[in-house]
Amino acid sequence: METIQNKVEGPVTDELTLVRAAKQGDDSAFEELVRRYDRNVFRIAQHITQNREDAEDVVQEAFLKAYGNLQKFQEQSKFYTWLVRIAVNEALMKLRRKKPERTVSLDEDIKTEDDSLPREIADWSPNPEQQYTQAEMREILSKTIQGLPPGFRTVFVLRDVEGLSTEETAAALELSVPAVKSRLLRARLQLRERLGRYFQKRESGDGNQ
Amino acid sequence: MKCSEFLHELTNYLDGVIDETTKVELENHLSWCHNCYVVCDTTKKKIEIYRDSQLYELPEDLRTRLRSAIMTK
């Protein structure tokens, strides 16, 4: 079985050149960074906040904060990782404001080991995504991810949707590498199980299995 | 290798970050354990489905608002 390849992003040197130009006051360089990453930031924000308006606010606040604090960016990580950290913090803050009765943090929802063990093993049909229209798929994917606790879905989105490495995800979320790995495993297994409800092979016959 | 041990390594396996010996053990387990094969295969499929989906297009007016907010800073 082949492993999953991460998406390749733009060349790092190019990013750094833009960052340095932006630090020197070149606004068009910063605009280019915005253009390059705004869709990714928007997607991350939507996944975490689960709300379009909040996500739009998060995009705006994250880029403004990055712009205002650009001189503090030490260039020890990729600019994108730094930007993601800002955006995730903004998005989690939005969630906290909305759910003041519950503190939302990345440290919540630690469950016992057994929670991640699959209960549902049924196989999927060969091309499950073709059973649904694009709009239906969007609805299914978004509904499914919504059911995950914020700490899990944030890790899943950064690692598997945005293609950040485990180390970059850990840096962006200020978590340890083992914590990222354990959340990712649980998120992956939980999502698989939830999606299975839509994608399972339709069994013919007694209908009870 | 037990199923729980396989699952423990699943993420590293899918990401291709395991040593050769463990990989051989995992693939050996996969060759006879149908349940783990299904879990592994569908998990991989699921990640690919999410990754390929363009869930959210950025609204053009958000881009415009963002640009003018930066310019006025």
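Q: With which residue does Arg20(A) form a salt bridge, and how far apart are the closest N and O atoms?

A: Side chains of opposite charge can pair when their charged atoms come close. Here Arg20(A) forms a salt bridge with Glu75(A), and their closest N and O atoms are 2.8 Å apart. The rule asks for a side-chain nitrogen of Lys or Arg within 4 Å of a carboxyl oxygen of Asp or Glu. The pair joins distant parts of the chain, 55 residues apart: Arg20(A) lies in helix H1 (residues 12-23) of chain A, and Glu75(A) in the loop between H3 and helix H4 (79-98) of chain A. Helices are DSSP runs of H or I with at least four residues, numbered from the N terminus. Over all chains the count comes to 20 salt bridges.

Q: What kind of model is this, and which pLDDT limits apply?

A: This is a predicted model, in which local features need pLDDT of at least 70 and side-chain atom pairs count only at pLDDT 80 or more, while totals for chains, interfaces and linings use all residues. Residues are numbered from 1 along each chain as its sequence is written, chains are lettered from A and ligands numbered from 1 in the order in which they are written, and side-chain values use heavy atoms, with hydrogens and water left out.

Q: How much area do chain A and chain B bury between them?

A: The size of an interface is often given as the accessible area lost when the parts come together. Chain A and chain B bury about 4,800 Å² (accessible area lost, 1.4 Å probe, summed over both), with 64% of it on carbon and sulfur atoms. In contact (heavy atoms within 4.5 Å) are 57 residues of chain A and 41 residues of chain B.

Q: How many salt bridges does the rule find across this interface?

A: Six salt bridges cross the interface of chain A and chain B. Asp38(A) forms a salt bridge with Arg63(B), with 2.7 Å between the closest N and O atoms. On the side of chain A that touches chain B, H2(A) gives the most, with eleven residues.

Q: At what angle do H8(A) and helix H1 of chain B pack?

A: H8(A) and helix H1 (residues 3-15) of chain B pack at about 95 degrees, their axes 9 Å apart. Axes are lines fitted to C-alpha atoms, for helices over the stretch in contact, and angles run from 0 to 180 degrees between N-to-C directions. H8(A) and H1(B) are therefore roughly perpendicular (65 to 115 degrees). Among the residues making the contact are Leu184(A) and Arg188(A) of H8(A) and Leu7(B) and Asp15(B) of H1(B).

Methods. Buried area is the accessible area (1.4 Å probe) that two parts lose on being put together, summed over both. Helices (H or I, at least four residues) and strands (E, at least two) are DSSP runs, numbered from the N terminus. Angles under 35 degrees count as roughly parallel, over 145 as roughly antiparallel, 65 to 115 as roughly perpendicular and the rest as oblique.
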